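Subject: Structure handover

Hello,

Here is the structure I promised to pass on to you.

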Amino acid sequence: MIRLSQETALVPVLRMKKNTMKYRFSEFVHGKTVTRELDVQALYKRFVRKAWQPIRGQKYQAKIVDVELT
């Protein structure tokens, strides 16, 4: 599904699975790019937990985290 969306220039919307797969996340810290490889539980604790954003016009909330698969 990911490969097909890349080949057709679509933006994928995915839900990550709770497994041991590592995701590469880059962020700027003190003017430098820091890249970390985190599993889904670590990503949730670091970036999602208590940071949910409401979806306008819906009763649901979401959080966007842009990662690369490793």
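Below are the notes on what was found in it.

First, the ground rules. This is a predicted model, in which local features need pLDDT of at least 70 and side-chain atom pairs count only at pLDDT 80 or more, while totals for chains, interfaces and linings use all residues. Residues are numbered from 1 along each chain as its sequence is written, and side-chain values use heavy atoms, with hydrogens and water left out.

Now the overall picture. The protein has two helices and five strands, where helices (H or I, at least four residues) and strands (E, at least two) are DSSP runs numbered from the N terminus. Along the sequence they follow the pattern α-β-β-α-β-β-β. Of the 70 residues, 13% count as buried; buried means under 20% relative accessible area, exposed over 50%, and partly exposed in between, with a 1.4 Å probe and protein chains only.

E1 (residues 23–29) pairs with strand E2 (residues 32–38) in the antiparallel sense over seven bridges; two strands pair if DSSP finds at least two bridges between them. The hairpin of E1 and E2 has two residues between the strands, and histidine 30 takes a positive phi there, near 55°. E1 also runs antiparallel to strand E5 (residues 68–69), with two bridges joining them. Tyrosine 23 takes part on both sides: its bridge partner in E2 is leucine 38, and in E5 it stands opposite leucine 69.

Next, the aromatic rings. The structure holds one aromatic pair (rings of Phe, Tyr and Trp, the last by its six-membered ring, pair if their centres lie within 6.5 Å; planes under 30 degrees apart count as stacked, over 60 as edge-to-face and the rest as tilted). The pair is tilted, because the rings of phenylalanine 25 and phenylalanine 47 have their planes at 40°, with centres 4.2 Å apart. Since phenylalanine 25 lies in E1 and phenylalanine 47 in helix H2 (residues 40–48), the pair ties together parts that are 22 residues apart in sequence. Both of these phenylalanines are buried.

Finally, have a look at lysine 17, in the loop between helix H1 (2–7) and E1. Lysine 17 counts as exposed because its relative accessibility is 60%. Leaving aside neighbours within four places in sequence, lysine 17 is in contact (heavy atoms within 4.5 Å) with Tyr23 and Val40.
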